[in-house]
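Here is a walk through one protein model, from a single residue out to the whole chain. Have the structure open and follow along.

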Amino acid sequence: IRISQDQMNLLYDTSVILSAEASPSDASSEVIWSSSNEAVATVDKNGKVHAAAQGEAVITAVSAYSEEVYAQCSVCVKSFVLAEKNADGSLGKSASEWTLYKGDVCDVVLCEVLPDGTLTEVSDYEIVPDKPAIAQISEGVLTGLCVGRTGITLKKDGIEIRINVSV
């Protein structure tokens with residue numbers, strides 16, 4: 001048996017579907033799914049994995065006909081927020097919805113939310129704006145450029161963090 005992914009990072013409270021394939025091709029691909037840590041990641045009978053809490057779990061697909069035939073996928077669940085960075089360097093509000101006036105700027109930083117709730121700044125993430133003429137993030141500054149509504153996706157460790165911006 002092979003699983004569609006052998007490891008993955010998931011954003012808290014999101015889901016993904018794993019698939020299992022048997023080898024040789026005429027073998028049954030009927031599997032029983034399980035999670036080593038259901039508090040972190042659950043999996044249903046169809047291979048749908050839900051990220052329930054931060055942490056790590058191993059998803060296992062076992063052949064319905066032989067417990068000795070199985071495959072596993074390591075799952076790491078993370079949580080991120082976009083937070084306002086105050087002039088003194090401290091972190092302010094965090095949100096997935098931002099409202100700015102045209103021409104306004106706001107210092108922001110992507111933070112990982114640790115299991116104890118503290119925020120830690122992260123770097124080396126990709127920024128993909130839907131409509132860069134409306135709002136952008138560049139060098140830690142969120143700028144409202146034109147009246148409208150847009151989304152911005154921040155990508156870190158294979159995880160996509162989505163924010164919406166109204167100007």
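Which residues does lysine 156 touch, not counting residues up to four places away in sequence? Lysine 156 touches Phe80, Leu110, Val122, Ser123, Asp124, Tyr125 and Ile161, where a contact means heavy atoms within 4.5 Å.

Before going further, a word on the ground rules: this is a predicted model, in which local features need pLDDT of at least 70 and side-chain atom pairs count only at pLDDT 80 or more, while totals for chains, interfaces and linings use all residues. Residues are numbered from 1 along each chain as its sequence is written, and side-chain values use heavy atoms, with hydrogens and water left out.

Lysine 156 sits in strand 18; strands here are DSSP runs of E with at least two residues, helices are runs of H or I with at least four, and both are numbered from the N terminus. With 15% relative accessibility, lysine 156 counts as buried. The cut-offs are under 20% relative accessible area for buried, over 50% for exposed, and partly exposed in between, using a 1.4 Å probe and protein chains only. The C-alpha of lysine 156 is 6.8 Å from that of glutamate 126, although 30 residues separate the two along the chain.

Aspartate 124 is not a glycine, yet its phi is positive at about 55 degrees. You'll find aspartate 124 in the loop between strand 14 (119-121) and strand 15, and at 72% relative accessibility it counts as exposed.

Aspartate 157 also has a positive phi of about 55 degrees without being a glycine. This aspartate is in the loop between strand 18 and strand 19, and its 35% relative accessibility puts it in the partly exposed class.

**Salt bridges**

Side chains of opposite charge can pair when their charged atoms come close. The structure holds six salt bridges, each defined as a side-chain nitrogen of Lys or Arg within 4 Å of a carboxyl oxygen of Asp or Glu. Among them are these:

| Arginine 2 | Glutamate 21 | 2.4 Å |

Take arginine 2 and glutamate 21, which form a salt bridge. Arginine 2 is in strand 1 (residues 2-3) and glutamate 21 is in strand 4 (residues 20-21), so to speak two distant parts of the chain, 19 residues apart. Arginine 2 is exposed at 52% relative accessibility, while glutamate 21 is partly exposed with 44%.

What about the lysine 78 pair? Lysine 78 belongs to strand 9 (residues 70-78) and aspartate 157 to the loop between strand 18 (149-156) and strand 19 (159-166), so the pair ties together parts that are 79 residues apart in sequence. Lysine 78 is buried, at 15% relative accessible area.

**Serine 79**

Where is serine 79 found? It's in the loop between strand 9 and strand 10 (80-85). Serine 79 counts as buried, with 13% relative accessibility. Leaving aside residues up to four places away in sequence, serine 79 touches Leu11, Tyr12, Gln54, Cys111, Glu112 and Val113.

**The whole chain**

Zooming out, the protein chain has 19 strands and zero helices. Its radius of gyration is 20 Å, well over the 15 Å that the globule rule gives for 167 residues, so the chain is more spread out than a compact globule. That radius is taken over C-alpha atoms, and the rule is 2.2 Å times the number of residues to the power 0.38. The C-alpha trace spans about 65 × 35 × 20 Å along its principal axes.

Buried residues make up 35% of the 167. Of the contacts with a separation of 6 or more, 52% are between residues 24 or more positions apart.
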